[in-house]
Amino acid sequence: MEEFHKVRRLPPYVFEQVNRLKASARSRGADIIDLGMGNPDLPTPQAIVNKLCEVAQDPRTHRYSSSRGIPGLRRAQAAYYARRFGVKLNPETQIVATLGSKEGFANMAQAITAPGDVVLCPNPTYPIHAFGFIMSGGVVRSIPAEPDHNFIPALERAVRHSIPKPLALILNYPSNPTACLATLDFYKDVVAFARKNDVIILSDLAYAEIYFEGSPPPSVLEVPGAMDVTVEFTSISKTFSMPGWRMGFAVGNERLIAALARVKSYLDYGAFTPIQVAAAAALNSNGGEIEEVRSVYRRRRDVLVDAFGRAGWHVPPPPATMFAWAPIPEPFRHLGSLEFSKLLVEKADVAVAPGIGFGEHGDDYVRIALVENEHRIRQAARSIKRFLSTAAERPDNVVSIAAHR
């Protein structure tokens, strides 16, 4: 039977091919070190778990919740933005709680996109940034992922040559997958462009608290006038090691937030109330849990860069996020990221995420997630060292796996 229209617009999920290889190897007894999926392994702080358990004892909290998020949670998010960024938000009109930032992003795309609308999207980037709009009938035009001197000229070209004129611009700093950072001066230039050209800014700030050097990453909403054109998405998944709790936020322009809230009101009743109360407690905490999470990822990053470097694979140290964006070693670059990722599973028992899954301009890279402890990262480096040395001795073996199938 013919595939449904929206399903046809989605390519095969690249990561699923690596996942199948992992599952097959594990079924044969292989010990796969999984550095592929960005699924935090750290436990949620006990105080947050205790608050969930406490509130869940009250049967009144078992009823439907609020799609926009309970008032206490929205106030906690407003207080966080005031402390962290110096940005004042109205909890009633400028904040919506989402079921993770991914859901919020996808539903915002549904709320604002008409068929054929053009959206400017970094390439490479996190898949929902592009496919949220593709599923909503939009058209994606790629722009550079790096926030450098080429960025604004690329936006200007896009406005000149896109029909219709672009509806929205997606920002993602700290970036998943590249880990690059943006400065407040960069955001000022982007806001000025967006206001001049009547373009909506959608900023994904999910990794605001996972940074390792220098000043904390800024919010685009710190720029005067940004509130006129911007919605920003955050998440507590990585900040407080709560990925399975599915709690995030959209904040910013009242008109855009109202559109998102209206769409969500037809789709869900919000997260389980005890989760929302526990999330509010996390946001209202003194920040000690955040610093501990940051320290763990910093140590893992340093071990990864050192151990992989000794193994013969240069991995640039990421300044932020829980990912390293690693160029494929030269002898394997011709294979592309998917085939190289398959080789790592089959020959080194190590799983990574192929860069092609984040966009065509990611195909010379793989994303390595810091989701295993330091011992396991060193173990992965030893396996990779053996694999690289074997390949160097027998380069005729460095061929696409697909060639054998």
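Mentor: Begin with the second largest cavity, which holds about 40 Å³ of space. A cavity is a set of points, on a 1 Å grid over the protein atoms alone, where a 1.4 Å probe fits but cannot get out; lining residues have an atom within 4 Å of a point. Grid points are joined across faces, edges and corners, and a volume is the space filled by probe spheres set on the points. This is a predicted model, in which local features need pLDDT of at least 70 and side-chain atom pairs count only at pLDDT 80 or more, while totals for chains, interfaces and linings use all residues. Residues are numbered from 1 along each chain as its sequence is written, and side-chain values use heavy atoms, with hydrogens and water left out.

Trainee: Which residues line the second largest cavity?

Mentor: Among them are Ser66, Arg68, Met247, Lys264 and Gln276. By class, the lining has four nonpolar, six polar and two charged residues. Here Ala, Val, Leu, Ile, Met, Phe, Trp, Tyr, Cys and Pro count as nonpolar, Asp, Glu, Lys and Arg as charged, and the others, Gly among them, as polar.

Trainee: What is the volume of the largest cavity?

Mentor: The largest cavity has a volume of about 110 Å³. Its lining has 14 residues, with Tyr80, Thr234, Ser235, Thr239 and Leu283 nearest the centre. Helix α4 (71-85) and strand β7 each give two or more residues to that lining; helices (H or I, at least four residues) and strands (E, at least two) are DSSP runs, numbered from the N terminus.

Trainee: How do I read a salt bridge?

Mentor: Side chains of opposite charge can pair when their charged atoms come close. The rule asks for a side-chain nitrogen of Lys or Arg within 4 Å of a carboxyl oxygen of Asp or Glu, and the count here is 20 salt bridges. In one of them, Asp228 meets Arg195 at 2.4 Å, N to O. Asp228 sits in the loop between β6 (200-204) and β7 (230-235) and Arg195 in helix α8 (residues 184-197), 33 residues apart.

Trainee: In the salt bridge of Arg294 and Glu291, what is the N to O distance?

Mentor: That distance is 2.5 Å. The two are separated by about one helical turn because they lie three residues apart in helix α11 (residues 288-311).

How values were computed. On a 1 Å grid over the protein atoms alone, a cavity is a set of points where a 1.4 Å probe fits but cannot get out, and a pocket is an open set with protein on both sides within 12 Å along at least five of seven lines; lining residues have an atom within 4 Å of a point.
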